[in-house]
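Biologist: I am new to this structure and would like to learn how to read its sheet and helices. Could we take them one feature at a time?

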Amino acid sequence: MNPVNIIVKKRDGDRLTAQEIRYFIKGYVAGQIPDYQAAALAMAIYFQGMSAQETADLTLAMAASGDQIDLHAVLPAGTIVVDKHSSGGVGDKTTLVVGPIVAACGLMVGKMSGRGLSFSGGTIDKLESIAGWSPDLELDRFLHQMQAVGLVVAGQTADLAPADKKLYALRDVTGTVNSLPLIASSIMSKKLASGADAIVLDVKCGRGSFMETLDEARKLASLMVDIGTLGGRRIVALVTQMEQPLGYAAGNSLEVKEAIAALHGESAPDFRALVESVAVEMLLLGASAGESLDEERALAKIRSVIDSGAAFELFRAFVAAQGGDVAMVDNPDLLPTAPVVLPVPAPMDGYVGRIDARCIGLTVVDMGGGRRRKEDIIDHRVGVTLAAKVGDHVVKDRPLCFVHGADEVTALAAVRRVMQAFELQTTRPQPLSTVLARFSS
Ligand code: URA
């Protein structure tokens, strides 16, 4: 077999066999197939797509490219480990809140998360705003922390789905992110390799996501549910709104602050609605046989662990267990802060009709909050905080949002750019709903 023939076959729109896919993935992970050939294949897949069978074969090859954890070999019998994954959005700090909530409700949450991808932020980059916090955990520590704390968020180690680790970083900088088969295989290979029993997928839909139309998002959700079911997992996918940034903050440190506020019970309405929807699904999927849990009871549990402070305490314990400075959790003002904060004034009185989430996400990346090349170092301080969301009334010259920049020049450029993201209108727009569709096995 020859990598060039495989690239050409896909470039010309033919179907790849499971054997060809396995050969390519194995060779790429072993370093025998270079980045430029993998980038060429990713681009061919981007334009030609893949059948459901090819996508499943690609997912399985990527999941098998490293270790596959069997959590049940070590955890007490009957333990159910739940996981959630987002397909990527702007301002999406949901894991930081949902993880501690669900763990505080008594389930084990073991998660392998990613870094930022194109305009969308990554959970690992966000958590690294907390001094000392590390995603690098050996399997022993992963398992120990899951039992001791109930929540683990690990980065992709060299041993788990290494094919995705390499491809993910490559796609980020080669314009090959928003491809349905590449996203489905990336997400599901990690989920299958990391061994959770129950998985809730948050498939984002809209300008701030990789699936702009409801039709595409539904296809991705249904494909991933099929792959998860094939892999023997309990799985639910929610298709959720990503037209405007989620909550108020986009940017690593700013999002950690917002997540901590949410754990204290203070959330933007859209963020609260999403957190509750995802957490309810996780609790229901993770409920053991014989436990009588319905949506209403699950929601009551979720609210009670926030009100009692148990979810916040769990987040604190989780940060400490992974080496993070809990003083920053107790006092979020200690988190990295940008030196320049500039308001973006409203050009007229009116209602916010639209906030282009992608424009906000790309602005954050260009300010240093994301990567343009694989080796770029993240500036955790920078970002955008919204002062108004879609549907809010705004007054001329009052701030629509604030830009948090590393210096005056980049902040001023970001102000001009972010201004274009807002569309104001004279009538109140229809509210945006949070959950647009639901798929289950
Ligand atoms: N999240 C992932 O893990 N992979 C993608 O390709 C997109 C979002």
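Modeller: Start with pairing: two strands count as paired if DSSP finds at least two bridges between them. Keep in mind that this is a predicted model.

Biologist: In which sense do strand β4 and strand β5 pair, and over how many bridges?

Modeller: Strands of a sheet pair through backbone hydrogen bonds, either parallel or antiparallel. Here β4 (residues 198-205) and β5 (residues 234-241) pair in the parallel sense, over 8 bridges. Within that pairing, V203 stands opposite V239 in β5.

Biologist: What is the order of the strands in the open sheet?

Modeller: The order is β3-β2-β1-β4-β5-β13, 6 strands with mixed pairing. At the edges stand β3 (151-154) and β13 (435-440); each has a single partner strand, so one side of each lacks a neighbour in the sheet. Neighbouring strands are turned by 20° against each other on average, direction ignored.

Biologist: Which strands does α9 touch?

Modeller: Helix α9 packs on the sheet and touches β1 (81-86), β2 (108-112), β4 and β5. The direction of α9 makes about 165° with that of β1. Another helix, α10 (residues 214-230), lies across β4, β5 and β13 and runs at about 165° to β5.

Biologist: Why is α9 described as largely enclosed by the rest of the structure?

Modeller: Buried means under 20% relative accessible area. Of the 15 residues of α9, 14 are buried, so the helix is largely enclosed. From first C-alpha to last, α9 (residues 180-194) reaches 21 Å, close to the 21 Å expected at 1.5 Å a residue. Just after α9, G195 takes a positive phi of about 85°.

How values were computed:
Residues are numbered from 1 along each chain as its sequence is written. This is a predicted model: local features need pLDDT of at least 70, side-chain atom pairs count only at pLDDT 80 or more; totals for chains, interfaces and linings use all residues. Side-chain values use heavy atoms; hydrogens and water are left out. Helices (H or I, at least four residues) and strands (E, at least two) are DSSP runs, numbered from the N terminus. The expected span of a helix is 1.5 Å times one less than its number of residues. Buried means under 20% relative accessible area, exposed over 50%, partly exposed in between (1.4 Å probe, protein chains only). Axes are lines fitted to C-alpha atoms, for helices over the stretch in contact, and angles run from 0 to 180 degrees between N-to-C directions. Contact means heavy atoms within 4.5 Å.
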